[in-house]
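Let's take a walk through a protein model together.

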Amino acid sequence: MATEQQPADVKEEITETFGMVPPPLDTIPEDDMVGEWHFFHKYTVGESEIPPKYRELMGLAVAANIKCPYCIHFHRKAAAMHGATDEELAEATSLASLTSRYSAMLHAQETDLDEFKVKMAQVADHLEEQAADD
């Protein structure tokens, strides 16, 4: 049975990892920090199914869409730290704009979601057929 970490131990672990307790962890209640640390660590410096560079590029795309300067700064630097090139950073930001652009169009046109799903399935079938022919 796992024992719950104490706030002082979590603060020490965070400080060992980052050299300090960074924002926003430095402003949340200690009990919340204990619960947040495992999740924060796993997806900022740990390992998951998605390699870190790609997690950070995804984070950058989301940050651009929610227009969060803190998140943009963090994810852009973290992606570069994990090997993202200037070209990859540029592509990620360009791709981020596509999602919000086409979402706006679909919503403004009041596109029927069920009909959209049918059409996207048809597109997928067509692309798979083309790939099989290559």
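This is a predicted model: local features need pLDDT of at least 70, side-chain atom pairs count only at pLDDT 80 or more; totals for chains, interfaces and linings use all residues.

In soluble globular proteins, nonpolar side chains tend to be buried together. Here, the largest nonpolar core has 7 residues: Val10, Ile14, Leu25, Met33, Val34, Trp37 and Phe40. Helix H1 (7-18) and helix H2 (30-44) are the elements that give two or more residues to this core. H2 provides the largest share, with 4 residues.

Pick out Phe40 from that group. Setting aside residues up to four places away in sequence, Phe40 touches Phe18 and Leu25. There is also a second, separate core, made of 6 residues, with Leu57, Leu60, Ala79 and Leu89 among them.

Now for the empty space. Rolling a probe the size of a water molecule over the atoms shows where empty space is left. The largest pocket in this model has a volume of about 370 Å³. Which residues line the largest pocket? They are Phe18, Pro22, Pro23, Pro24, Phe40, Thr44, Tyr70, Cys71, His73, Phe74 and His75. You've met Phe40 already: it belongs to the largest nonpolar core, and it also lines this pocket. H2 and helix H4 (69-81) each supply at least two residues of the lining. H4 gives the most, with 5 residues.

Helix H5 covers residues 86-108, which makes 23 residues. At 1.5 Å a residue, H5 should span 33 Å, and its end C-alpha atoms are 34 Å apart, so the two values agree. Which residues of H5 are buried? Look for Leu89, Ala92 and Ala96. These buried residues pack against helix H3 (52-66) and H4. Just after H5 comes Glu110, with a positive phi of about 50°.

The buried residues in H3 are Pro52, Lys53, Arg55, Glu56, Leu57, Gly59, Leu60, Ala61 and Ala63. They pack against H2, H4 and H5. After H3 you'll find Lys67, whose phi is positive, near 55°.

Let's finish by zooming in on two residues. Ala96 sits in helix H5. Is Ala96 buried or exposed? Its relative accessibility is 5%, and buried means under 20%, so Ala96 counts as buried. Leaving out residues up to four places away in sequence, Ala96 touches Ala61, Ala64 and Asn65. Take the pair Ala96 and Asn65: they are 31 residues apart along the chain, and their C-alpha atoms are separated by 6.8 Å.

The other residue is Asp32, which you'll find in helix H2. Its relative accessibility is 45%, so Asp32 counts as partly exposed. Asp32 and Lys77 are 45 residues apart along the chain, and 26 Å separates their C-alpha atoms.

How values were computed:
Residues are numbered from 1 along each chain as its sequence is written. Side-chain values use heavy atoms; hydrogens and water are left out. A nonpolar core is a set of buried Ala, Val, Leu, Ile, Met, Phe, Trp, Tyr and Cys residues joined through side-chain atoms within 4.5 Å. Buried means under 20% relative accessible area, exposed over 50%, partly exposed in between (1.4 Å probe, protein chains only). Contact means heavy atoms within 4.5 Å. On a 1 Å grid over the protein atoms alone, a cavity is a set of points where a 1.4 Å probe fits but cannot get out, and a pocket is an open set with protein on both sides within 12 Å along at least five of seven lines; lining residues have an atom within 4 Å of a point. Grid points are joined across faces, edges and corners, and a volume is the space filled by probe spheres set on the points. The expected span of a helix is 1.5 Å times one less than its number of residues.
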